[in-house]
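Let's take a walk through this model together, going from side-chain pairs to helix packing and then to backbone details. Keep the structure open as you read.

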Amino acid sequence: YVIMFIGDKTPQDKPHAINIIKQFLFWVIHLACFLAIWVGVSPIAVAVCALLYIVRMFAITGGYHRYFSHRTYQTSRPFQFFLAFLGMTAAQKGPIWWASHHRHHHKHSDTPEDIHSPVISGIYFAHIGWVLSSQFLHTRYELVKDLLAFKELRWLEKLHILPPFLLALGVFLFGYFLGVYYPQLGTNGTQMLVWGFFISTVLVYHGTFCINSFTHLIGSKRFNTTDSSRNNFILAMITLGEGWHNNHHRYPGSESQGMYWWEIDVSHYILKVCSWFGLVWDLRRYPERLYKEAEAGFGAH
């Protein structure tokens, strides 16, 4: 995450040890949101905040998670690069680091080896404590050898501070432009920076973190998985479809996380539209046997 930018050179990871620099930067980003009291609010600033939340949440769910972590569909190298860069604007480090820890989570879900299990380590550590610790600074390279084959992804990984910086600069300049040429909109560079970057980024942070914490505590279980993953409608709405977490843990290979039409999955809809234009293809779905298992009741894993 953006709070890890300076802490990456820690000589060794210490389990659950708090990283002071990461703590400081993390809370500075949160405190910056309170600048809205002074810079005010405008409809255009809120609209940009909402738009960047949706775009970057999709980049995390549809890109970092469903593509880089689970390879549930295929795409070209240029669009792969685009997904990586777009995801990095959410300030959650690069896709190689992100995927390595997420794959480890699936391998050890809700066991003592899990990096963010609320069942094992408590809800605070599962939500943000693991991000603020020194334990998970480094990439688990042995789990992402497929991604390391792309030199452009390795290059991006080294520059993960750049995309969020460019986004922050871009929204500031956009607000400044509107303030000068369209003053009737009631915005300016500082206001747009606060709403378009800081507030939007914090919302994306906690939307992502909620899947780590709450979807292993609150919701319903369709499948009897070996972990405590649950389906949660509200979190599915907040995260564009990631809330169907019990479905996902039962079969991580599916691009769509909702199994039925009423399980709304916005990221899947976006990827489906992308497939119509040839940007992505071979979107993997749940096999028929899982639907039979679901219909039979609390299916055994």
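Are Glu 293 and Arg 250 buried or exposed? Both Glu 293 and Arg 250 are buried. Before going further, please keep in mind that this is a predicted model.

The side chains of Glu 293 and Arg 250 meet in a salt bridge, with 3.0 Å from N to O. Glu 293 belongs to helix α15 (residues 288-295) and Arg 250 to helix α13 (residues 245-250), so the bridge ties together parts that are 43 residues apart in sequence. Salt bridges with shared partners also join Arg 66, Glu 242 and Asp 265 into one network. In total, the structure holds 7 salt bridges.

Two other bridges are worth a visit. In one of them, the side chains of Asp 146 and Arg 71 come together at 3.5 Å, N to O. Asp 146 sits in helix α8 (residues 145-148), while Arg 71 is in the loop between α3 and β1 (74-75), so this pair connects parts 75 residues apart in sequence. Asp 146 is partly exposed, with a relative accessible area of 29%, and Arg 71 is partly exposed too, at 27%.

The other bridge pairs Glu 152 with Arg 77, at 2.6 Å from N to O. Here the link runs between helix α9 (residues 151-158), which holds Glu 152, and helix α4 (residues 77-88), which holds Arg 77; the two residues are 75 apart. Their surroundings can be compared through the 20% cut-off for burial. Glu 152 has a relative accessible area of 16%, so Glu 152 counts as buried. Arg 77, with 43%, is partly exposed.

Now turn to a pair of helices. Two packed helices are described by the angle between their axes and the distance between the axes. Helix α3 (residues 43-69) packs against helix α11 (residues 189-213) at an angle of about 35 degrees, and their axes are 8 Å apart. The crossing of α3 past α11 is right-handed. On the α3 side, the residues in contact include Ile 44, Val 48, Leu 52, Arg 56 and Ile 60. On the α11 side, Met 192, Trp 195, Phe 197, Ile 199, Leu 203 and Val 204 are among them, as are Gly 196 and Gly 207. Sorted by class, this contact has 15 nonpolar, 6 polar and 1 charged residues.

Most residues other than glycine have a negative phi, and most peptide bonds are trans. Asp 110, however, has a positive phi, near 55 degrees. You will find Asp 110 in the loop between α5 (95-107) and α6 (118-121), and with 13% relative accessibility it counts as buried. Leu 240 also has a positive phi, near 65 degrees. Leu 240 lies in the loop between α12 (233-238) and α13, and at 6% relative accessibility it is buried as well.

Finally, how confident is the predictor? The mean pLDDT of the protein chain is 91, and 92% of its residues reach 70 or more. Over residues 1-14, by contrast, pLDDT stays under 50, although the model has 45 contacts beyond four places in sequence for this stretch. Where pLDDT is low, the predicted coordinates should not be read in detail.

Key:
Residues numbered from 1 in each chain as written. Predicted model: local features only at pLDDT ≥ 70, side-chain atom pairs only at ≥ 80, totals over all residues. Heavy atoms only, no water. Axes fitted to C-alpha atoms, helices over the stretch in contact; angles between N-to-C directions. Helix = DSSP H or I, 4+ residues; strand = E, 2+ residues; numbered from the N terminus. Left-handed = near helix turned anticlockwise from the far one by under 90°. Contact = heavy atoms within 4.5 Å. Nonpolar A, V, L, I, M, F, W, Y, C, P; charged D, E, K, R; others polar. Salt bridge = Lys/Arg side-chain N within 4 Å of Asp/Glu carboxyl O. Buried < 20%, exposed > 50% of the residue type's maximum accessible area, 1.4 Å probe, protein only. pLDDT = per-residue confidence, 0-100.
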